Amino acid sequence: MKKQVLVLAISAVLLAACGKKEEPVAAPAAPAPAAAPAAAAGPVLDDEKVLNIYNWPDYITENMIADFEKEFGIKVNYDTFENNEALHAKLVAGNSGYDIVVPTAGFGKKQIEGGLYQPIDRSKIPNYANLDPEFMEKIAGVDPENKHFVPWGWGFTTVGINKQKVERALGGMPMPENAWDLVFNPEYSSKLRSCGIIYLDSPSEILPVALHYVGKPAYSENPEDFKAAGEMLAKVRKDIRLFSSTMIDDIAGGKGCAFVGWSGDINIAADRVKETGGKDEIVPLLPTGGGLVFIDTMAIPKDAKRVNNAHAFIDFFLRAENGAAMANEMNYPTGNKAALPMIKDEVKDNKTIFLSDEDTARLIPTGGFSTEISSVLNATYNTFKRGR
Ligand code: N2P
């Protein structure tokens, strides 16, 4: 049932000693539970007790950074980006200053090929053993031998609704069988305009689902296919109220009724409405036309300066309890197999977090666009967003 759950094979990473001065940190005050001998002395850290992380918004549990800082004596600077395009631009420009970034695996393939990341040193990550080999095999499709990417979280881009608002706005018209119709078919979107449609703000999120909706490959490399997707999008443009990659508050605050958003964020908004006594139900739908899978991963930029600290954080994140917290608190599963027994039943049983086999089979697999088609992708998106 809960399938989809993680998977993969690991091969040895040859690694890169970077020639930095290494200084073992004192063993943590609390006794480490049955630590392997190599880990007993604590991880090697860099002289500079700083770590710069660049991640997506709303994608980390409340205490994780503070806990890491306290235990390791490292100051974390945590910045966020709203889409893969923004991260890519930073990496290509170079000297980003970041030690860990979190690309989506499919999008990040070209970053690996472009030499933008350094290999991960698994000998510095004892908790790598917590990862699910089958899940890692999937990532190996874009990162051969799993040399660069370590899973952060995964989910799918889908349609979410405020059930009561949508039903009211549709005024008796039945819900479509394929939920994408709500946001891509003017017959529905024109009715939902009044209560508000919100789209993620990213070419590489919107175009794959739009291409798939018009019957083209989600990661097409054919400019003609983009034309078809662009024509479809142009027809619904007037019905879209907001473009945003941080829509949790907007959803919970009632600024919209139908959303092209991320599964976990829609679930977080649903929890928030419940917690604050709201009556409306926020639901991530599982469109028969498929949701778009994303697998987000930690990677170390090639010019990162605090590589040991980065490995220490990756190892910390891969602790079973931290993997479980990502699912329990953020509604995003990770590739951490050791975390599974600690995930709450209500989260495990939520079919919009841990999907059924049937819904899993419908998902649009993760992928990426080539650099060559990027200009067509961006132009199609920008024309759509500008509305002319
Ligand atoms: C959560 C961010 C999800 C990232 N707010 C999607 N790639």
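I count two residues as in contact if their C-beta atoms, placed from the backbone, lie within 7 Å. On that basis, residues 24 or more positions apart account for 75% of the contacts in the protein chain with a separation of 6 or more.

**Model and numbering.** I am reading a predicted model, in which local features need pLDDT of at least 70, side-chain atom pairs count only at pLDDT 80 or more, and totals for chains, interfaces and linings use all residues. Residues are numbered from 1 along each chain as its sequence is written.

**Confidence.** I took pLDDT as the predictor's confidence in each residue, from 0 to 100. The protein chain averages 90, and 89% of the residues score at least 70. Over residues 1–39 pLDDT stays under 50, and the model has 82 contacts beyond four places in sequence for them. Where pLDDT is low, the predicted coordinates should not be read in detail.

**Overall content.** I noted 16 helices and 13 strands; helices (H or I, at least four residues) and strands (E, at least two) are DSSP runs, numbered from the N terminus. I called a residue buried if 20 or more other C-beta atoms, placed from the backbone, lie within 10 Å of its own, exposed if 12 or fewer, and partly exposed in between. Of the 388 residues in the protein chain, 47% are buried.

**Ligand shell.** I looked up the residues surrounding the ligand and found W56, P57, D58, Y59, T104, W262, G264, D265, F294 and D296; a residue counts as near if its C-beta atom, placed from the backbone, lies within 6 Å. The shell divides into five nonpolar, two polar and three charged residues, with Ala, Val, Leu, Ile, Met, Phe, Trp, Tyr, Cys and Pro as nonpolar, Asp, Glu, Lys and Arg as charged, and the others, Gly among them, as polar. Domain 1 (23–155 + 294–355) and domain 2 (156–292 + 363–386) both contribute to this shell, so the ligand lies between them. The domain bounds come from an automatic or database domain assignment.

**Helix α11.** After α11 comes G277, with a positive phi near 80 degrees.

**Loop between α4 and β7.** I found E145 in the loop between α4 (133–140) and β7, with a positive phi near 65 degrees. N146 lies in the loop between α4 and β7 and has a positive phi of about 55 degrees.
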